[in-house]
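Please keep the sequence and the structure at hand while reading.

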Amino acid sequence: MNIIPDSSAWQKLQQHYNRLSQCSIQELFAEDPQRAEKFRLEFFDLFLDYSKNIITEETMRLLIALAQEAGLPEAIEDMFNGEHINATENRAVLHTALRNRSDQPVFVDGADIMPDIEQVLERMAAFCEKVRGGRWLGHSGKPIRDVVNIGIGGSDLGPKMACEALMAFASPNLRVHFVSNVDGFHLAHTLSRLNPEQTLFIVASKTFTTQETMCNADSARQWLLQAFASKEAVGKHFVAVSTNSEAVAKFGIQSDNMFEFWDWVGGRYSMCSAIGLPIMLQIGPEHFFHMLEGFHEMDQHFRNAPLHKNMPVILALLGVWYNNFFGAQSHAILPYEQALHRFPAHLQQVDMESNGKSVDRQGKPVTWQTGAVIWGEPGTNGQHSFFQLLHQGTKLIPADFIAFCRSQTPMGEHQQKLLANFVAQTEALAFGKSNAEVLAENPGISSSLAAQKTFGGNRPSNSIIADELNPRSLGRLMALYEHKVFTQGQIWNIYSFDQWGVQLGKELADKVLAELRGSRPAGGHDSSTNAIIQHLKQRA
């Protein structure tokens, strides 16, 4: 592709922005009473209203032209066909194959990978039915009542988010916990509430060498052995999600209790693989497969829908529009559903670890903005926290508002009041309240106070609505954002499926750890780092 600022589509968008940036959302609605009909999409029960954006039909035509010029349709096919689009690691990117619910084969380097995927899913389902049915017994012969997933990053954020989101579908006889932080408080606090006789640990690490995960796993193993004083107990209370069978066996986990995944699965895209084992344990295989079906439905929509009717593409293009032309630095994810309180955190990794890149595919520094800062909290909590900045701050922060027509837990008028706030906030952000309206509503008010109560509006948002939060709708929603991230990476000419930026800190941490353990003064760093290490050693 052309380097993007020099591309024809990019230059046309820049000229269009120079004209449109002087318009407001209020003016755009006044000019076109049918605007809400033009800028909306529906897919199954998923409804997207993107009319409250600073766009026209011409904007969308130009953005679609940019996607075409960037080779997006071809890139989509390359991904689904198993091409090695993760070029820096020479790997295919096939998280879509993990949730392929069709009878179509998926090939990587000439081999159909679907039989291996199905085999792992079948083993997961059999294992989960055994645990959930009380037939998997611990070392003392008691059934499992608590599952602790030990992982970090993609081996924690996605599964934890999904387990929280789908708590309404959880088994009443099984509790699922997550430990990720190497801070000892996280593991100690979790274990303090558990009975080792009825606790099962899942150690989720592709290499079985991840520092934080293995530190927590080793401490959990010691906790278990203090209770049983027999190494045989490890095989009854630990399973692994990994590819390193030798290290797993050395830990004491039987090979039959290791669930495999593959190098063409990126960690942040892995919750449909064996990394999703805690999800399946909590909600059961049937609901887990419903979630996979939701993912697959959105995968097929992304692959087959024309770009101008393609939900992930539309969201991605709007993000490019604000990031690269309006200079927006961040994007808020605002689910009006408490069960999705970990959804923004999961999307932080999916988006920021994918597109937080400063060199292009040719290895040259980019001269354009890439990934936005992703953040957010559930409504209505956020309204009483950071919404002040969204409404009246000096920064433009586009936002996605997510809601469900029906509650998982109906109670009085709670859902109606929640949805009333969901609707009202997008209206307030878009249209605001003029100074003249404030003066008219408050006779005798001073001009200075009226200015404080004025809302400028013209703050863009998308409204994403589904009928209810369930495994299938969660799958669709997650795939929607995964493909949005892929689309933006393609347009920005960056690699979205590696994460070299996390490596340097890991390498330095190993060196610092050796110095913290040793008796010799720290050296070989800058003066600040040496002094910090020495201070930590002296005050430990």
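## The largest cavity

In this predicted model, the lining of the largest cavity is made up of six nonpolar, six polar and two charged residues (Ala, Val, Leu, Ile, Met, Phe, Trp, Tyr, Cys and Pro count as nonpolar, Asp, Glu, Lys and Arg as charged, and the others, Gly among them, as polar). Of the 14 lining residues, G319, N323, H331, A372 and Q488 lie nearest the centre of the cavity, and the elements that give two or more residues to the lining are helix 15, strand 10 (330-335) and helix 21 (471-492). The space in the largest cavity comes to about 110 Å³, and the structure holds five cavities of 30 Å³ or more.

On a 1 Å grid over the protein atoms alone, a cavity is a set of points where a 1.4 Å probe fits but cannot get out, whereas a pocket is an open set with protein on both sides within 12 Å along at least five of seven lines; lining residues have an atom within 4 Å of a point. Grid points are joined across faces, edges and corners, and a volume is the space filled by probe spheres set on the points.

The largest pocket holds about 1000 Å³ of space, and among its 40 lining residues T210, Q499, V502, Q503 and K506 are the closest to its centre. Two or more lining residues each come from helix 10 (211-228), helix 16 (343-355) and helix 22 (503-517), with helix 22 giving the largest share, five residues. By class, this lining has 13 nonpolar, 17 polar and 10 charged residues.

The second largest pocket has a volume of about 320 Å³, and E337, Q338, S407, T409 and L418 lie nearest its centre among the 14 residues that line it. Four of the lining residues are nonpolar, nine are polar and one is charged.

## Overall build and a helix packing

The protein chain has 23 helices and 13 strands (DSSP runs numbered from the N terminus, helices being H or I of at least four residues and strands E of at least two). Its C-alpha trace spans about 75 × 60 × 55 Å along the principal axes.

Helix 14 (residues 285-304) and helix 15 (residues 311-326) pack at an angle of about 70°, with their axes 8 Å apart (axes are lines fitted to C-alpha atoms, for helices over the stretch in contact, and angles run from 0 to 180 degrees between N-to-C directions). The contact (heavy atoms within 4.5 Å) is made by M298, H301 and F302 of helix 14 and by M311, P312 and V313 of helix 15.

## Basis of the values

Residues are numbered from 1 along each chain as its sequence is written, and side-chain values use heavy atoms, with hydrogens and water left out. As the model is predicted, local features need pLDDT of at least 70 and side-chain atom pairs count only at pLDDT 80 or more, while totals for chains, interfaces and linings use all residues.
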